[in-house]
Amino acid sequence: MSSKFNVIINNAKNDTDKATVGFVIANAAVGSDQETMVFLSTEGARLAEKGYADDIHEEGFAPLNELMSNFVKAGGTIYVCAPCVKKRGIDTENLVEGATVVGGAKLVEFLAGGTPSVSY
C-alpha cells in the first residue's frame, strides 16, 4: 500500500467549496501519516498567493487559509503549476508559506509509482 497521497486542486474563488474540501482531504491524508502533496493547478494556482484565501470560509469548515497553514505545519507539501502561475501573473515572491512553483514533471514524478490522487 502506498504511503503517499496527492490532492490536485483546480479551483479557487471560482468554486470555494471544492478548494476548501481539497484541503480538508489533504489534511486528513497528512494526518494519517501519508506523504501528502497538494498540486495547485489552473485557477487553483491563485491559492498560493499570500492573502488570496484569507476571505474564503465555507460554512461547516475551518477557514481555507487555516486549512492551508495547518497542512504545511503538519508536513504537507504544496506545489504550484509554473505555467498556471505565469498565465495568471502571480508574483512568485509573494507565495504562502510552503508553496513551491514547479513544472508538471514534479507531479508526474510524485504519481509515477501509483500514488493515489483525487482532484477538486
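T42 counts as partly exposed, because its relative accessibility is 35%. Partly exposed lies between buried, under 20% relative accessible area, and exposed, over 50% (1.4 Å probe, protein chains only). T42 has a positive phi of about 45°, yet it is not a glycine. Its place is the loop between β2 and α2 (64-73). D33 also has a positive phi without being a glycine. This residue sits in the loop between α1 and β2. The table sets out both.

| Residue | Phi | Relative accessibility |
|---|---|---|
| T42 | about 45° | 35%, partly exposed |
| D33 | about 60° | 69%, exposed |

This is a predicted model, in which local features need pLDDT of at least 70, side-chain atom pairs count only at pLDDT 80 or more, and totals for chains, interfaces and linings use all residues. Residues are numbered from 1 along each chain as its sequence is written, and side-chain values use heavy atoms, with hydrogens and water left out.

Now the fold. The protein chain has four helices and five strands. Helices (H or I, at least four residues) and strands (E, at least two) are DSSP runs, numbered from the N terminus. Their order from the N terminus is β-α-β-α-β-α-β-α-β.

The five strands form an open sheet in the order β4-β3-β2-β1-β5, with parallel pairing. Two strands pair if DSSP finds at least two bridges between them. At the edges stand β4 (99-102) and β5 (117-119), each pairing on one side only. From one strand to the next, the twist averages 25°. Strands β2 (residues 35-40) and β3 (residues 77-81) run parallel and are joined by four bridges. M37 stands opposite T77 in β3.

Helix α1 (residues 16-31) packs on this sheet and touches β1 (4-9), β2, β3 and β5. Contact means heavy atoms within 4.5 Å. The direction of α1 makes about 170° with that of β1. Axes are lines fitted to C-alpha atoms, for helices over the stretch in contact, and angles run from 0 to 180 degrees between N-to-C directions.

What share of the 120 residues counts as buried? The share is 41%. Among contacts between residues at least 6 apart in sequence, 75% join residues at least 24 apart.

Last comes overall size. Along the principal axes, the C-alpha atoms fill a box of roughly 35 × 35 × 20 Å.
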